[in-house]
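Here is a short briefing to read alongside the model.

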Amino acid sequence: MRVTDSLMSRSFLRNLSANTTNVMKYQNQLSSLKEVSKPSDDPLKVSKILDLNNSIIQNDQYKTTINDAIQWTNVQDSALSSATESMQRIKTLIQYSANGTLSSEDRQANKAEIESEIQGTVDALNTNFGGRYVFAGKNTTEKPFQVQKNDDGEITGITYSGTAEGSGNLSREIAPGVSVELSTDGRNFMNAQNTDGSDNLGTFFSEVLTALDADDTGELSSLLDRADQEIENIVSNRSKTGSIFNRLTATLERNDSEKLNLKTMLSENQDIDLAEKYMQFTMEKSAYEASLSMGTKILQTSILDYL
């Protein structure tokens, strides 16, 4: 009889321990609202949760890069809008100055305004974003465009001192294995007509100013076509920037959608169904209380029964 009682006692204690463990498990889940709290709870699920969390962190990093690139292209677009307005004003002044009835004084007044617009064009192309020049190529910390002047302080052209060799575009990774090149190579705006770069936007400005000083209306008229080319070049590069902006915007939407999917998957693996867990907790608690009640009867045999 004592052996039987001993076996019953040990069985009771094992069952009570199991019931206690289950009650604590569901109590912890209800307290934390999480399925697992340590790797030993479910190693496979914990591994999947860690992978999903890492994917969400990576997704956030890509979103930061995308937003930075979008802001960068917005700044570029604004700068090129200003540069286009300056170039169009320069063309208008060239056309006006080509009029043979205009006096030398009037052309000099136009020259002064053109010099101001040249400076405005250079200022626009030297726009910076967060301390980085947006058209400096890969050397973003140094001002890329400079106005050249002679000893008398008169403008003789402009120069570019950004990236000189290879691609001057900055690459940004916006998704796993996916990169986009920001149009940052300022050499594109110099619009060199020769392979050696000798005939460029700076040359055009120099020829315009020289023709104004010489009252050369014929040369001014011939420079109108070149003015159209320079304006078209800036507009073309602005269109490229717009295309990059559109791609980045679409990528941002996909990034947001992917994050939503990742968080949904994380919730499915990590978060509990509160109603279900509470029901399971109630059942386990009832089983635990029943075990305690049964135990009082089983353990009523006191130590005196074994003497």
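**Helix pairs, cores and loops**

The axes of α2 and α6 come within 7 Å and cross at roughly 165 degrees, where axes are lines fitted to C-alpha atoms, for helices over the stretch in contact, and angles run from 0 to 180 degrees between N-to-C directions. This is a predicted model, in which local features need pLDDT of at least 70 and side-chain atom pairs count only at pLDDT 80 or more, while totals for chains, interfaces and linings use all residues. Residues are numbered from 1 along each chain as its sequence is written, and side-chain values use heavy atoms, with hydrogens and water left out.

**Overall make-up**

- The protein has seven helices and six strands; helices (H or I, at least four residues) and strands (E, at least two) are DSSP runs, numbered from the N terminus.
- Starting at the N terminus, the order of elements is α-α-α-β-β-β-β-β-β-α-α-α-α.
- Of the 307 residues, 36% are buried (under 20% relative accessible area, with exposed over 50% and partly exposed in between, for a 1.4 Å probe and protein chains only).
- Among contacts (heavy atoms within 4.5 Å) with a separation of 6 or more, 71% join residues 24 or more positions apart.

**How α2 packs**

- α2 and α6 are therefore roughly antiparallel to each other (angles over 145 degrees; under 35 is roughly parallel, 65 to 115 roughly perpendicular and the rest oblique).
- The crossing of α2 past α6 is left-handed, a term used if the near helix is turned anticlockwise from the far one by less than a right angle, with right-handed if clockwise.
- By class, the α2 contact with α6 has 24 nonpolar, 20 polar and 13 charged residues; Ala, Val, Leu, Ile, Met, Phe, Trp, Tyr, Cys and Pro count as nonpolar, Asp, Glu, Lys and Arg as charged, and the others, Gly among them, as polar.
- Helix α2 (residues 43-97) also meets helix α3 (residues 104-125), with axes that come within 9 Å and cross at roughly 165 degrees.
- α2 and α3 are therefore roughly antiparallel as well, and α2 passes α3 in a left-handed crossing.
- Residues in this contact include Ile90, Leu93 and Ile94 of α2 and Ile114 and Ile118 of α3.
- The contact of α2 with α3 divides into 12 nonpolar, six polar and four charged residues.

**Nonpolar cores**

- The largest nonpolar core has 46 residues, and Ile114 and Phe204 have the most contacts inside it; such a core is a set of buried Ala, Val, Leu, Ile, Met, Phe, Trp, Tyr and Cys residues joined through side-chain atoms within 4.5 Å.
- Elements giving two or more residues to this core include α2, α3, β4 (155-160), α5 (201-213) and α6 (217-270).
- The largest share of this core, 11 residues, comes from α2.
- Apart from this core lies another, of five residues, among them Ile49, Leu52, Leu262 and Leu266.

**Residues to look at**

- Not counting residues up to four places away in sequence, Ile114 touches Ile90, Leu93, Ile94, Val208, Leu209 and Leu212.
- Phe205 is found in helix α5 and is buried, with a relative accessible area of 1%.
- Leaving aside neighbours within four places in sequence, Phe205 is in contact with Met87, Ile90, Ile118 and Ile158.
- Asn191 lies in the loop between α4 and α5, and its phi is near 50 degrees, a positive value in a residue other than glycine.
- Asp215, in the loop between α5 and α6, has a positive phi near 55 degrees.
- Most residues other than glycine have a negative phi.
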